[in-house]
Amino acid sequence: MKSIVAKIKTLVMMIAVGSLAACVGAMPAITPMSDLSCRDQLMQVDELIEKSEVQNAAAMPVLGYPFLRANRNSVLMGKQVATAQNNGLQNAALFDDWIAQMRSLDREARASEMQNLPVGYGISYDALENCANQLASDLRPSSFELISNSVFVPDDYLDFQRIAGLYPLTAFAAHFGYEGWKQDNLQSFGQSPSVFAASGFWHSYVVTKQGSYADDDVIEDVPRDGFGRLLPTLAELEKIAQTYAPELRVREDSDSDRIGRPVLATREAVSEIDTTRPTIFYRLSHTYFNDNWYPQIVYSVWFPERPKRGAFDILAGHLDALVWRVTLEHDGSPLIADSIHGCGCYHMFFPSDGLVRIQAPEDGDIRETAESPAGSVDGDTLARPVLWVDATSHYLMAVTATKDTKQPDATSTADLVLEQSLTSIKLTDDTGYASLYDENGFVPGTDRLERFILWPLGIERPGAMRQWGHHATAFVGRRHFDEPGLIGRYFARRALP
């Protein structure tokens, strides 16, 4: 079965033997691959990738296993394998699926890294894949404890900054600032679409949708692994993404309010947004809720900038992004949606009426908790929502049903593209490929002045755009956008009457 990352793999070509004579002197000496074991081949390539500073930071390497990488889901899945093992259950298949998940993360990351290498070393990606797959197939459940001890993903909070910045005191100032932001910006969710339509020039971005979430084959017929996670083919994932893609309706005051596709001119250049190519990016993720794994489709759009509103606008900066995520029931109906900006800020939840808010650990103190400015949202609305996005700030202002909206002032069709393609973008100077993100998961050139004020809260480079897996979403407290237990922290199933 063709995997989700197959498209990424097709982007990877055989790295050419040799390089320009001018580059030869700068090339680190490498041992011929035929003289190395599979493990050593992988380690040598990883060293070249690190020296070239083209690491893909989406997932963490698993120490001692250069053919595996882990994310926060990997950590929880490992705990579930341990539980099965401790309960004396037959867990060989579950163990294999856990390894396959981490193998997939490594495959995806390595594909972009090798394509982004600035010079050729005559290294075959396919040969490395064969090595990695062989090493992974040799792993047995008896090695689980040894492997699990190496599966670790650090959080995105820097405790030393919080200590140095007197976090217990500065957190109060941040709390009151956030409360003020909510008062100023969340009232819009109670307004009707007609009010928005009369408040400016609205540019709508839509993708071609195929089918309905009620179709049996959208979700229900897609294969799953032993954990219950979806394993769609590329075509199946694209169909799912088309089905749930939101319509973005952006209030347009300037070119900064147009969505587009990130481009890179050279390896050293700061990325720009080509607004002549409107694009909605998507990726598949999973979350764990109510003792089950549920699929999530994550959509993101990119703006050229957040322009300044004044000389001392600390939030302004190069590039801006909005992220919308919908979590799906096993039958394809939406369970909940949530949204952040590309910096991880402004996290908001939009539960379906099948969920109720529960008491959360953060409720009652100054830590940021789950904000649901629209209350419960009808599932049909979450399946095909209209997202109203403000000009300049690109704040999400409302989530409404398509049937409740009037025709926009302008409409553009947006391409639907896998988000992983942003980790290897063809350079416009035809010298190769490079990632939108640096080796630490940040988008270069997108830092905001707010970092000089908010650093005591422990988030590295607050305000900067960042890669999937690095979105800390609370300045006061700790929370990550990709935490697998996030929904259950704030919501529970509504009891049946």
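Predicted model: local features only at pLDDT ≥ 70, side-chain atom pairs only at ≥ 80, totals over all residues.
## Helix α9

Helix α9 comprises the 19 residues 167-185. At 1.5 Å a residue the helix should span 27 Å, and the 26 Å between its end C-alpha atoms agrees with that expectation.

The buried residues of α9 are Tyr167, Ala171, Ala174, His175, Tyr178, Trp181 and Lys182. Seen down the helix axis, these buried residues fall within an arc of 125 degrees, so they line one face of α9. They pack against α8, residues 159-164. The face of α9 turned away from the buried side carries the exposed residues Leu169, Ala173, Phe176, Gln183 and Asp184.

In soluble globular proteins, nonpolar side chains tend to be buried together. In this model the largest nonpolar core has 79 residues, and Tyr299, Trp302, Trp324 and Phe350 have the most contacts inside it. Strand β9, residues 317-328, contributes the largest share of this core, namely six residues. Another core, of 38 residues, lies apart from the largest one; among its members are Leu42, Val81, Ile147 and Val153.

## Aromatic pairs

A pair of aromatic rings is described by the distance of the centres and the angle of the planes. The structure holds 17 aromatic pairs. One of them, formed by Trp181 and Tyr346, is stacked, with 4.9 Å centre to centre and 25 degrees between the planes. This pair links distant parts of the chain, 165 residues apart: Trp181 belongs to helix α9, whereas Tyr346 lies in the loop between β10 (334-341) and β11 (348-351). Trp181 counts as buried because its relative accessibility, 13%, is under the 20% limit. Tyr346 is likewise buried, at a relative accessible area of 15%. Ring pairs join Trp181 and Tyr346 with Tyr178 and Tyr395 in a cluster, and Tyr178 is also one of the buried residues of α9.

Trp468 and Phe481 form an edge-to-face pair, with 6.0 Å centre to centre and 80 degrees between the planes. Both residues lie in the loop between α14 (451-454) and α15 (486-490), so the pair ties together parts that are 13 residues apart in sequence. Trp468 and Phe481 are both buried.

Conventions:
Residues numbered from 1 in each chain as written. Heavy atoms only, no water. Helix = DSSP H or I, 4+ residues; strand = E, 2+ residues; numbered from the N terminus. Expected span 1.5 Å × (residues − 1). Buried < 20%, exposed > 50% of the residue type's maximum accessible area, 1.4 Å probe, protein only. Arc of directions from axis to C-beta. Contact = heavy atoms within 4.5 Å. Core = buried A, V, L, I, M, F, W, Y, C linked by side-chain atoms within 4.5 Å. Phe/Tyr/Trp six-rings, centres within 6.5 Å; stacked < 30°, edge-to-face > 60°.
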